[in-house]
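Subject: Structure handover

Hello,

Here is the structure I promised you. Please open it, then read my notes below.

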Amino acid sequence: MVQHTEQVLEWSVLIDYLAKEAASTLGEACCRTLAFAFDLETARVQQQETTEMVHILEGTHPLPSLAFPDIRNVLGRAQKEGILEGPDLRDISLVLGLGYTIRQYLQIHGSTFPKIRTRSLNLQDLMWIKQMIDSCIDLKGQLRESASPELYQLTRKSQGLRQTMRQQLEGMLASQEYENLLQGQYFAERENRCVIPIKAERQHAIDGIVHDISGSGATVFIEPRHLVELNNAIKFADLQVAQEERHILQDLSSRVAEHVWAIRENLSCLADLDCLMAKARLSIKTHGSPIHLNQEHCIDLQNARHPLLALTKEQVIPNSIRIEGDTKVLIISGPNAGGKTVSLKLVGLFAMMVKVGLHPTCGPDSKMALFGQVYADIGDSQDLSKDVSSFSGHILNMIALLKNIGSPGEPANRDALVLLDEVGSSTDPIEGAALAEALLTRLCELGCTIIATTHYPTLKTLAFRNPHVRNASQEFDMMTLAPTYRLIDGIPGGSSALEIAKRLGLDSTIIQSAQLLIQRQDHDLDAIFRALQNTHTRLERECEQAQHLRQEAHRLCDEAQVTRDQLRTQEQEDRQRYRKQWQQEFSKAQRHLNQMVNDLKKDKTLSNVKSIQQTIGALNQEILSHLPNNPWVSSEPLHEGDLVEIDALGTIGVLQESLEGKKQVSIRVGTQIIKTAPSAIRRATSSSGNKPLSGQQQLSGKRSHSTISTELGSPASDQETGHYQQELVIRGFRLDDAMEMTLAALDHALVTQAKYLKVIHGQGSGALKTGIRTLCQSSPYIQSFRAGDPSEGGDGVTMIELR
């Protein structure tokens, strides 16, 4: 039954394609003798090995070609103490060199490919044998003259004697004495002795030994008498060279014989790697993917394509096949020539491929159960030589199948995948359908996973009577009256025999007569199946459209996110630019304020104070005139006592007076009274109200965009110096935010004529402290700075003295 299954599934055809991808004869032999894995761990390891080899082939550092000679017979002769020839030793050297190269490669890249590295642990370092052989044998399989000192000397001696012989012969050919005797101006070798061609009728004119005669009899090859001794010397020298070469080959053969087992181990490992590389090449060629294996009898194949069709056709319609949960039987129905048998064979081939480490031709998220046995009854089992009809052949196959599976209750039965094509066919439809249903029920009870194709209506409705049965159908396009080869899951399909016959050209009157003969019940059932298919196709199309719209929505959302990020970046750049601009304005205002303070110190009369206040107000209005209208001013009127936020400082205070008819209003911030334009304040929001306030003002990170004036003589002032003490807490903020807050605090301190600023940044990682003190070194507004005293907070505080 197993052999029959492999035959009907065309397993040998797939293996032939695999073997063609091997680079060596041994690798090809390994491909043809692959052993099936019967445990889940082994099958998963084989899948992982193939995946790693695919990554190697597609990576930037692929393995070298695993083309190597078959040296099994050579090793056998060496083991029997035979003397190996030069080409044999050269082939051994090639194998050992390739093994060393692979070993070095995996030592470098093995961590990336752990499964292949484990498989290659048996590769032994036999480089010293290769080097020994290479020192004696060249790439053509010839012994090198330098193989031994003795060989070198003997070879040189032989070459010298031959050179002397050549000079003697060339002199004879050029001599007038032999001009009329020679048949041609050349010399030759016969029986490893140098001879000259003499005319047959003049052979007695020269003293020598006859070694040969030409085919026509016109030429006699004679060794001149005076060259006999020289020829003897050459012969003896050649014998000495041959003897030394034999000694060298014998020594090399003995060395190889001592390590035959290790060399065979390397040879076997290289053959396995070549087979693995063939699997990877086949996976790349068919666009295969590693699959998730399980023992829960779950089959979930996504975008699956028949591997043989993927190898022979450019376009193959993919299908998804699912058997999971309580489903044990999948019944595929649909039109003739619609692809039912292809789907059946596809699952069978996949079940066998995963057991030998081949990547199935399906999507990467697919799942496949590991079955102990795969049984298939596909095609016509008729055998005239044995008087077996088609129906009898199918029944005999089923009998053999039931014997192999055994009786119910055996755990091993659950590991069987059974594939039945047109189950119960080739007999009376009613009896065949009943027999098919009974057979499927028995196989389901035995725990098998079954996929069957059928045209029987009673089998198409079996899923409504048996919870372990699931329907699927090959789609038929009623517009074109042709199958689409798409598999629809969950619904049965009509056979559409009359439509296909019409499309193939059968007489329309015959088709009309057949339609009248069909029983109304069967006709209605077939119409229902077609309606179900049409509804499924429509819903599937709508789902695809919805998916497309969802993807478009995601794309637009991503674009909006990018735009928002760009706007935020632009906002930060604008804030930086505005900071530089207003720093210049504040510097100008600072100079005016310093001059006014100095004047006030010299003359503290009431008229002078009022004059200075008017000048400060005018300066404030001049700067405010350059600012745009504040877009955040609330439409709700503000009243005395409301909590307001000063946008220029990012601080919160209490409004001290009504806004009506006033160019400037007073705001109490902590212990200070600040005056600013009504347009520069707004009602404090809930988020604004979260900003901390203490007896000493904590400044926020917002940058100042307008000027303010502080009422002289406020409670927070030092009456003798006119300077203000301020404090900024940036502990816990990010560095960028803390720098923004510090710059805003410096601006505020300059406007309010504060002499000192206390920045509390804490210890932490030291990033805030380093950033603040780097800023202090470069700021033109800072006179000096220092770490706080222990009573002030130590190194977690920076005390800044302003100019």
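Predicted model: local features only at pLDDT ≥ 70, side-chain atom pairs only at ≥ 80, totals over all residues.

Now take helix H9 (residues 149-174) and helix H10 (residues 228-258). Their packing angle is about 155°, and their axes lie 9 Å apart. H9 and H10 are therefore roughly antiparallel to each other. The crossing of H9 past H10 is left-handed. On the H9 side, the contact residues include Leu 151, Leu 154, Ser 158, Leu 161 and Met 165. On the H10 side, they include Ile 234, Ala 237, Val 241, Glu 244 and Ile 248. Sorted by class, this contact has 10 nonpolar, six polar and six charged residues.

A second pair is worth a look. Helix H5 (residues 72-79) packs with helix H11 (residues 260-286) at about 170°, and the axes are 10 Å apart. So H5 is roughly antiparallel to H11. From H5, the residues Arg 72, Leu 75, Gly 76, Ala 78 and Gln 79 take part. They meet Val 260, Ile 263, Arg 264 and Leu 267 of H11. The classes here are five nonpolar, two polar and two charged.

Now the whole chain. The protein chain has 22 helices and 24 strands. Of its 803 residues, 46% are buried. Take the contacts between residues at least 6 apart in sequence: 68% of them join residues at least 24 apart. The accessible surface is about 41,600 Å², and carbon and sulfur atoms account for 51% of that.

Best wishes

Key:
Residues numbered from 1 in each chain as written. Heavy atoms only, no water. Axes fitted to C-alpha atoms, helices over the stretch in contact; angles between N-to-C directions. Helix = DSSP H or I, 4+ residues; strand = E, 2+ residues; numbered from the N terminus. Parallel < 35°, antiparallel > 145°, perpendicular 65-115°, else oblique. Left-handed = near helix turned anticlockwise from the far one by under 90°. Contact = heavy atoms within 4.5 Å. Nonpolar A, V, L, I, M, F, W, Y, C, P; charged D, E, K, R; others polar. Buried < 20%, exposed > 50% of the residue type's maximum accessible area, 1.4 Å probe, protein only. Areas by Shrake-Rupley, 256 points an atom, 1.4 Å probe, with all protein chains shown as cover.
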